[in-house]
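Good morning, colleagues. I would like to take a few minutes to walk through one residue and its surroundings, and I ask you to keep the structure in view as I speak.

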Amino acid sequence: MATNFLVHEKIWFDKFKYDDAERKFYEQMNGPVTAGSHQENGASVILRDIARARENIQKSLAGSSGPGASSGPGGDHSELIVRIASLEVENQNLRGVVQDMQQAISKLEVRLSTLEKSSPTHRATAPQTQHVSPMRQVDPPTKKAATPAEDDEDDDIDLFGSDEEEEDKEAARLREERLRQYAEKKAKKPSLVAKSSILLDVKPWDDETDMAQLETCVRSIRLDGLVWGGSKLVPVGYGIRKLQIQCVVEDDKVGTDLLEEEITKFEEHVQSVDIAAFNKI
């Protein structure tokens with residue numbers, strides 16, 4: 001049963017024969033491909049690379065010794081020599097500068113030593129002058145202290161002592177009178193009062209707020225040292241206007257905090273109060 005079934009099926013039983021024939025055909029056309037041939041091809045590639053590297057080395061050596069050597073490593077070498085020569089010249093110049101600086105420093109040291117040697121003489125003379133000045137200042141008090149004693153001793157023989165006492169009393173009286181007049185004049189002179197000019201921005205709740213009534217409420221605030229000035233309505237936006245009002249206050253009596261507190265008491269009309277400007281008068 002199985003053999004009869006295989007007889008009717010189309011199966012390629014001779015495929016290996018055709019594969020061998022195809023391989024032989026290509027071997028005849030290209031030559032047989034073996035493992036030895038693969039190794040030989042790899043070795044030839046390596047030898048070819050080595051030969052190419054040798055050629056490059058020889059070309060580089062020939063270029064360094066040829067006329068175009070200045071652009072190669074030889075050129076770099078000559079440039080290095082030139083730079084070394086310039087550095088040596090610069091080094092010599094720096095050495096000269098250092099020597100000049102050393103000479104200048106040595107001269108300064110000599111001058112400093114001479115100044116230090118001469119300074120003790122000045123220090124010795126200075127205390128002498130300072131010692132003499134106090135003696136001159138002390139002498140007058142001793143004389144003044146001695147004069148009252150001499151005056152006491154000569155009271156009996158001084159014929160004009162009573163006249164001097166009267167003159168002293170008159171001078172004291174005149175001095176007291178002048179002091180009294182000066183005190184009265186100073187008391188009558190008015191003292192300066194510190195004042196400030198304040199510009200306030202009073203903002204309403206909305207555009208329906210009666211701004212005339214708001215200004216009336218603000219001006220109804222009466223405080224000692226407060227004087228209201230001019231005012232105007234300034235547009236803010238969306239139909240809303242704010243009240244800008246000027247006032248003059250005495251610094252010792254009215255402060256900005258007190259003004260804001262008094263104005264914000266009108267809660268139905270006032271939303272907030274800001275200080276737009278503050279100037280001393």
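With which side chain does the side chain of S197 make a polar contact? In this predicted model, the partner is Q246, and the separation between the two side chains is 2.4 Å.

Let me place the residue. S197 lies in strand β1, which spans residues 195-204. Its relative accessible area is 15%, and because the cut-off for a buried residue is under 20%, S197 counts as buried. Beyond its sequence neighbours up to four places away, S197 touches Q246, C247, A277, F278, N279 and I281.

Of the 10 residues of β1, 8 are buried, so the strand is largely enclosed by the rest of the structure.

Finally, the core. The largest nonpolar core comprises 18 residues, and among those with the most contacts inside it are L200, W228 and C247. Strands β1, β2, β3 and β4 and helices α6 and α7 each supply at least two of its residues, with β3 giving the most, namely 4. C247 links this part of the account to the opening one: the residues it touches include S197, L200, W228 and L259.

Thank you for your attention.

Key:
Residues numbered from 1 in each chain as written. Predicted model: local features only at pLDDT ≥ 70, side-chain atom pairs only at ≥ 80, totals over all residues. Heavy atoms only, no water. Buried < 20%, exposed > 50% of the residue type's maximum accessible area, 1.4 Å probe, protein only. Polar contact = N/O pair within 3.5 Å; in protein donor to acceptor, adjacent residues only side chain to side chain. Contact = heavy atoms within 4.5 Å. Core = buried A, V, L, I, M, F, W, Y, C linked by side-chain atoms within 4.5 Å.
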